[in-house]
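Here is a briefing on one protein model.

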Amino acid sequence: MTPAVSFDRRSLLTISLVLFIMILLNGGMALYVLSDPDLKTACHLVEMAKIIDDNYVDEVDWDRLIPVGRRSMMNMLDRYSGYVTPDVFAEKRQQREGYYSGIGVTVVGHDDGLLVYSVRDEGPGRAAGLLPGDIIIAADSVRLADRDLRDAALLLRGEEGSRVLLSVYRPAENDSLEIEVVRGEVDYRHVVYAGRTADSVVYIKLDDFGPGAADDVQAALDSLNGVRPKARALVLDLRGNPGGLFIEARAVASLFLDDGSFLVGTDGRSRWNDEEVYVNGEDYTDGLPIAVLVDQSS
């Protein structure tokens, strides 16, 4: 009987040691997680929400309060940041896959109204004389300062053929202008021009990185790079390109870089936000020399 008792004791000690190690590991992991300063900030928000829920005289409508809080926090960052609700995001995505009726500009928030970030080459705004860097102060006498970005931008939309009178300040010339724009159909064509020079240089003008941009660039390469004589270089024009979807930008870059090449990384303030992104496709041009054109609106 003695050996059996000894075996039970050893088993008990082993189990106890394993449990002790697991407790230490779990405790250490918990301390590691809780030491993240971003989690402490989140706890402050949760604490405030609990105080409101416990002490406010009426029942709190969190379905209304939470989106307002998100929007307020995002609006306090910079003019390029803002909170977009899921329904608005779906609307924007649908628009970028087709067309809309407006003036054909990309705008961001500004203290005095809307800053024109880029102007589509063949859009109504370009035809009327709007330039990147212009600040739209008012639309049809409605001042845009301090208005929600989406609400202000919607004032530029309207039926095709309708007119909108814009009060514009042009910082480059320190001049105030009145510009009337006839709204028109703005087609979301990503590649607005593609061609070859007489000395076999391929030129592609990419207006944005919306859904389908990479497919359009690849189609342009197919139609131009296969022509004889073989192309000897490529120019990718991103001037006035305000950006778009990261997945499309990655897909476009993957057309010109070797598979597995490092593309971009983030070194976030939180240890959970560090990320590295690599190219996921072979160089579609087979090593063709390339020049990329950018400007202040890229």
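A salt bridge here is a side-chain nitrogen of Lys or Arg within 4 Å of a carboxyl oxygen of Asp or Glu. By that rule the count comes to eight salt bridges. The model is predicted, so local features need pLDDT of at least 70 and side-chain atom pairs count only at pLDDT 80 or more, while totals for chains, interfaces and linings use all residues. Residues are numbered from 1 along each chain as its sequence is written, and side-chain values use heavy atoms, with hydrogens and water left out.

**Overall figures**

- The secondary structure comes to eight helices and 14 strands. Helices (H or I, at least four residues) and strands (E, at least two) are DSSP runs, numbered from the N terminus.
- The protein has 298 residues, and 30% of them count as buried. Buried means under 20% relative accessible area, exposed means over 50%, and partly exposed lies in between (1.4 Å probe, protein chains only).
- Among contacts in the protein with a separation of 6 or more, 61% come from residues 24 or more positions apart. Contact means heavy atoms within 4.5 Å.
- The accessible surface comes to about 19000 Å². Carbon and sulfur atoms hold 57% of that surface. Areas come from the Shrake-Rupley method with a 1.4 Å probe; for residues, only the protein chains shown count as cover.

- Side chains of opposite charge can pair when their charged atoms come close.
- Asp208 and Arg120 form a salt bridge through their side chains, at 3.2 Å from N to O. Asp208 sits in the loop between β10 (201-206) and α7 (213-225), and Arg120 in the loop between β3 (113-119) and α5 (124-128), so the pair ties together parts that are 88 residues apart in sequence. Both Asp208 and Arg120 are buried.
- Glu180 and Arg163 meet in a salt bridge of 3.1 Å, N to O. Glu180 belongs to strand β7 (residues 175-182) and Arg163 to strand β6 (residues 163-170), so this pair ties together parts 17 residues apart in sequence. Glu180 is partly exposed, at 45% relative accessibility.
- Arg232 and Asp199 meet in a salt bridge of 2.8 Å, N to O. This pair links distant parts of the chain, 33 residues apart: Arg232 is in the loop between α7 and β11 (233-237), and Asp199 is in the loop between β9 (191-196) and β10. Arg232 counts as partly exposed at 48% relative accessibility. Asp199 counts as partly exposed at 41%.
- One network joins Arg120, Lys205, Asp207 and Asp208 through salt bridges that share partners.

**Aromatic pairs**

- The count comes to two aromatic pairs. Rings of Phe, Tyr and Trp (its six-membered ring) pair if their centres lie within 6.5 Å; planes under 30 degrees apart count as stacked, over 60 as edge-to-face and the rest as tilted.
- Tyr193 and Tyr203 have ring centres 5.9 Å apart and planes at 50°, so the pair is tilted. Tyr193 lies in strand β9 and Tyr203 in strand β10, so the pair ties together parts ten residues apart in sequence. Tyr193 is partly exposed, with a relative accessible area of 48%. Tyr203 is also partly exposed, at 23%.
- Phe262 and Tyr278 have ring centres 5.6 Å apart and planes at 70°, so the pair is edge-to-face. Here strand β12 (residues 262-266) supplies Phe262 and strand β13 supplies Tyr278, 16 residues apart. Phe262 is partly exposed at 48% relative accessibility. Tyr278 is partly exposed, with a relative accessible area of 34%.

**The loop between β13 and β14**

- Asn280 is found in the loop between β13 (275-278) and β14 (290-293). Neighbours within four places in sequence aside, Asn280 is in contact with Arg250, Ser254 and Asp259.
- The side chains of Asn280 and Ser254 are joined by a polar contact of 3.0 Å. A polar contact is a pair of N or O atoms within 3.5 Å; within protein, one must be able to donate a hydrogen and the other to accept it, and residues adjacent in sequence count only if both atoms are side-chain atoms.
- Thr285 lies in the loop between β13 and β14. Thr285 counts as buried, at 5% relative accessibility.
- The Thr285 side chain reaches the backbone nitrogen of Leu288 at 3.4 Å. Not counting residues up to four places away in sequence, Thr285 touches Leu221, Asn225, Leu255 and Phe256.
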